[in-house]
Amino acid sequence: MKTRTAPSLRQQLHALFTGAAVLALIATALAPVLGHAQAQAPSSQSAGGPVSLPVAPQADVATSPVRQPATEAAPVRVEGGSNTIANQIKDAMNGGDATGKQLNIIIDQNSSSGGMAPGTQPPKNPGAAPQGSKPTTSAQTRKAEQQGQARLAQSSNPRNAPGIVIRAKPLPAPKPKTPPEPELPEHWSYEGLGGPQNWHKLKPEYAMCGKGKMQSPIAIRDDDTLKGPAEPLLFTYKPSKGTVTDTGHGIEVKVYNTDNVLSVRNTKYRLLQFHFHAPAEETINGQRFPLGAHFVHKNDMGQLAVVTVLFETGEPNALVERVWTHMPLGPSDSVRLPPDLVDINDILPKDQRYYSYFGSLTTPPCTEGVLWLVLKQPVQISPEQLYMYNQLYSKTARPLQPRNSRTIRDAITLTGAMPAN
Ligand SMILES: [Zn+2]
């Protein structure tokens, strides 16, 4: 900026003292600021301070041939103070680092393209006729002469005389500082920095939580499913040993009987564990159930099938009652269950029609390729049973994930039985 405006300085100062126009020096100094600069020159400027005097490099101004006449000829017009042109320029130069300054000189109002501070008006020239308004009639001429005399009278007041105006150029708004990235926790959670929105950032192996296109849970709507007959889910569950654990994310029951088998799609999936989410993660036609259980199975090829059982409040549930009886005392605590205590048949609904789709684990690492089987009919749990669970966990549902283009099968009727093999 300084190099752009400096070459015109001599010409414009010269124009001032030939009486042709008003010069306005537009600078980034308000009158109080100018005073500040005078008082503390030459090294008072600090970065970000109020004084930011725009001025051409010192050599350009100091050697100007019009500098001396300017101090003698024209009354100086300074907003908020009185000074000579030379002193104003000198002060402006001394008021800090000249490399960051800008000197703009404006001749009349038509010369303001040299750079007015945003929002400022060019100063009036009380002694000059308006630009481009040459009188063409004798009446107009007389009127212009009268106006000119009035302006000359006004010009006896230093504040109305031709001169230099130094005004403040608004400082650029400070750039908002980008807060440092908060340090993410090592362990995932359902809230805070370790919450679902950050799971994929916590560990490289959690990347699928962020970039996966077939994530769970999803919202299931009956008006957007592939309806038709479907094979039944063949549960072969037997009373089993187990351990109930507080994982820190929920209550989980590990099942130690490989004879608990789900047969579907001509494949046998063995039950590994079941656990709870409060509230349930899937929504059905917009409805959110207060509790859900996920029964996690795996086949011989390592593929996962998860059966969802939804709970609504009502009568107590027998299996829930037995598990809650052995509730752990806190995170990482495990309680071994009495033999044959775990009988999954006690928790399955009578109507076993279901939705099915391909999704993912709903907790890190959010592995995809999981066959989801969501039983439509909820089972009941008493308010007391629900309350006990909610005292431990009540916000353990991952947010709904985009369905994208996935098909959700809706088993309207269950046809035939899976042949045993
Ligand atoms: Zn789950």
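Start by selecting Gln-215, which touches Gly-359, Ser-360, Cys-366 and Gln-401, leaving out residues up to four places away in sequence. Touching, or contact, means that C-beta atoms placed from the backbone lie within 7 Å. The model is a predicted one: local features need pLDDT of at least 70, side-chain atom pairs count only at pLDDT 80 or more, and totals for chains, interfaces and linings use all residues. Residue numbers run from 1 along each chain as its sequence is written.

**Stay at Gln-215**

Gln-215 sits in the loop between helix 9 (208–211) and strand 3 (219–220). Helices (H or I, at least four residues) and strands (E, at least two) are DSSP runs, numbered from the N terminus. Is Gln-215 buried or exposed? Gln-215 is buried, because 25 other C-beta atoms lie within 10 Å. The cut-offs: buried means 20 or more other C-beta atoms within 10 Å of the residue's own, exposed means 12 or fewer, and partly exposed is in between; these C-beta atoms, too, are placed from the backbone. Gln-215 and Leu-400 are 185 residues apart in sequence, yet 8.7 Å apart in space, C-alpha to C-alpha.

**Zoom out**

Show the whole protein chain. It has 11 helices and 18 strands. Of its 421 residues, 36% are buried. Take the contacts between residues at least 6 apart in sequence: 71% of them join residues at least 24 apart.

Two strands pair if DSSP finds at least two bridges between them. Strand 3 pairs with strand 10 (residues 283–284) in the parallel sense, over two bridges. Look for Ile-220 opposite Ile-284 in strand 10.

**Move to strand 8**

Select strand 8 (residues 261–264) with strand 5 (residues 234–236): they pair in the antiparallel sense over three bridges. Phe-235 has Leu-262 as its bridge partner in strand 8. Leu-262 also stands opposite Tyr-269 in strand 9. Strand 8 and strand 9 (residues 267–277) run antiparallel, joined by four bridges. Val-264 has Thr-267 as its bridge partner in strand 9. The hairpin of strand 8 and strand 9 has two residues between the strands, and there Arg-265 takes a positive phi near 55°.

**Follow strand 9**

Which other strands pair with strand 9? Strand 7 (residues 251–255) pairs with strand 9 in the antiparallel sense over three bridges. Find Glu-252 there; its bridge partner in strand 9 is His-275. Strand 12 also pairs antiparallel with strand 9, over seven bridges. Arg-270 stands opposite Lys-298 in strand 12.

**Step into the core**

Select Leu-291 and Leu-373. They have the most contacts inside the largest nonpolar core, which has 55 residues. A nonpolar core is a set of buried Ala, Val, Leu, Ile, Met, Phe, Trp, Tyr and Cys residues joined through C-beta atoms within 7 Å. Beyond its neighbours within four places in sequence, Leu-291 contacts residues including Phe-276, Phe-311, Leu-386 and Tyr-389.

**Finish at helix 11**

In helix 11 (residues 383–392), the buried residues are Gln-385, Leu-386 and Tyr-389. Seen down the helix axis, they fall within an arc of 95°, so they line one face of helix 11. The arc is that of the directions from the axis to the C-beta atoms. Turn to the other side: Pro-383, Glu-384, Tyr-387 and Gln-391 are exposed. The buried residues of helix 11 pack against strand 9, strand 12 (291–298), strand 13 (304–313), helix 10 (318–325) and strand 17 (379–381).

Technical notes. Two residues are in contact if their C-beta atoms, placed from the backbone, lie within 7 Å.
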